[in-house]
Amino acid sequence: TLFIPTLDSTRLSYLMLKGYLNKRPCMLFGGSGTAKTVTMENFLSSVNKVESIAPELRELMIYKKIIFSFMTSPGLFQASLFDNMEKRQGKFYGPKRNKLLTLFIDDAAMPEVNEWGDQITNEIVRQVIEEKRLYSLDKAGEVIHLVDVQYAGAMGIPGGGKNDIPNRLKRHFSMYFVPLPSDQSLQQIFGVIINSRFHQTGENGKYPPAIIEVADQLTTMSLTFWKKLQGKMLPTPAKFHYNFNLRDLAQVVQGICMSTRGIIKDEFTLVNLWRHECCRVFSDKLNSESDKAWYDNEIVSCIGEHLGESIAQQCSQPTYWVNFLREADIDPETGETIEEAPMLYEPVESMEELRNKLQVRMSSYNEGS
């Protein structure tokens, strides 16, 4: 996963390191798409490079991620924990090969809350952190003591249908809120990705100045349109899925980076690609004709505001991009595939062409299965 440090992530890493060195569990919480998981994974994967930790200890540091869900039971948690454990001495268990394990529990608040208001899975987590022991599932009454294990976690903000973790568990963590990145941070994050894509040299680089000029505006355009969409398309009981977070913005940028130098031949093609990605990510969520009409008007207006009316007029009609137009290279005599079809992300000439291609692909799939 690509991780671009920001001011907030650097602050969080510093605070988490202070807690880690004092064996204090830490928990990140925040809204969807604020990079809680990526921030924690980046911290845990780099903590063994901290110079203040003895070299012989750095070599032993590992981490394991467990993702909680509504169906995660105490038995599943205990089984996942013991996948990385071995018997040390007597009733003491620790990470395999005498490692120092950090157990990262992602989506910690997801387990089911029973009819009495308890999260029994998180009560087992609390017992493990608090008492450093649990009971064997194989031998009734046998106590297993755990050594060389630290804990970290991430969870969403409680409310709006999302659970909280029990207070008796929460008290063992240092809780750090992960804020939504500032506009400056978002410009930095997505600007670095797009600039590295269109300012590079080599086979996929050497773009004409007109394309680079448009590419430099894509981050600002994406942020402007994303914020306008957030302010206008608010969730309601009939439109509860109208939630546009940073993941959606990242998908737009990811789609832009999927195409190659040979496909993006001019600035109009790049703008059409950006518009298609916004349509794929944003417009496909909209479930009413009036919302889609508003979207179509605003996307053209956004292009005109940032790139000029001439480009907006050239790109006024939507285009559709796919990666399955090319055919595989097949030996005509044996029928064997010499080379797989290249997965080039490119625009389709017409919906009729796309429909025919899909029908051919479906017929081929049905014959093969």
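**Loops, rings and buried side chains**

Trainee: R97, buried or exposed?
Mentor: R97 counts as exposed, because its relative accessibility is 63%. Exposed means over 50% relative accessible area, buried under 20%, and partly exposed in between, with a 1.4 Å probe and protein chains only.

Trainee: What kind of model is this?
Mentor: This is a predicted model, where local features need pLDDT of at least 70 and side-chain atom pairs count only at pLDDT 80 or more, while totals for chains, interfaces and linings use all residues. Residues are numbered from 1 along each chain as its sequence is written, and side-chain values use heavy atoms, leaving out hydrogens and water.

Trainee: Back to R97. Where is it?
Mentor: R97 sits in the loop between strand 4 (92-95) and strand 5 (100-106). Helices (H or I, at least four residues) and strands (E, at least two) are DSSP runs, numbered from the N terminus. The phi of R97 is positive, near 60°, and R97 is not a glycine.

Trainee: Which residues does Q150 touch?
Mentor: K23 is one of them. Leaving aside neighbours within four places in sequence, Q150 also contacts Y20, R24, L101, T102 and L103. Contact means heavy atoms within 4.5 Å.

Trainee: What does the side chain of Q150 reach?
Mentor: The backbone oxygen of Y20, at 3.3 Å. Q150 belongs to strand 8. Its relative accessible area is 15%, so Q150 is buried.

Trainee: Now Q78. Which helix is it in?
Mentor: Helix 4, residues 74-82. Q78 counts as buried, because its relative accessibility is 8%. A polar atom of its side chain lies 2.8 Å from the backbone oxygen of Y135.

Trainee: And what else does Q78 contact?
Mentor: Beyond its neighbours within four places in sequence, Q78 is in contact with L134, Y135, S136 and L137.

Trainee: V128, buried or exposed?
Mentor: Buried, because its relative accessibility is 0%. V128 is in helix 5 (residues 120-131). Not counting residues up to four places away in sequence, V128 touches F77, L81, R133, L134, L146 and Y151.

Trainee: How far is V128 from V149?
Mentor: Their C-alpha atoms are separated by 9.8 Å. The two are 21 residues apart along the chain.

Trainee: Which residues of helix 2 are buried?
Mentor: In helix 2 (residues 36-46), K36, T39, M40, E41, F43 and L44 are buried. Their cover includes helix 1, strand 1, strand 2 (61-67), strand 5 and strand 8 (149-156).

Trainee: Aromatics next. How many pairs?
Mentor: The structure holds 10 aromatic pairs. The rings of F29 and F177 have their centres 5.5 Å apart and their planes at 55°, so that pair is tilted. Rings of Phe, Tyr and Trp (its six-membered ring) pair if their centres lie within 6.5 Å; planes under 30 degrees apart count as stacked, over 60 as edge-to-face and the rest as tilted.

Trainee: Which parts does the F29 and F177 pair tie together?
Mentor: F29 lies in strand 1 and F177 in strand 9 (residues 174-177), so the pair ties together parts that are 148 residues apart in sequence. F29 counts as partly exposed at 22% relative accessibility. F177 is partly exposed too, with a relative accessible area of 44%.

Trainee: What about F198 and Y207?
Mentor: Their ring centres are 5.1 Å apart and the planes are at 55°, so this pair is tilted. F198 is buried at 1% relative accessibility. Y207 is buried, with a relative accessible area of 6%.

Trainee: Which residues form the ring cluster?
Mentor: Ring pairs link F225, Y242, F244, F282 and Y295.

Trainee: Zooming out, how many helices and strands?
Mentor: There are 13 helices and 13 strands. The C-alpha trace spans about 75 × 55 × 50 Å along its principal axes. Of the 369 residues, 41% are buried.

Trainee: What share of contacts links residues 24 or more positions apart?
Mentor: Of the contacts with a separation of 6 or more, 69%.

Methods. Polar contact = N/O pair within 3.5 Å; in protein donor to acceptor, adjacent residues only side chain to side chain.
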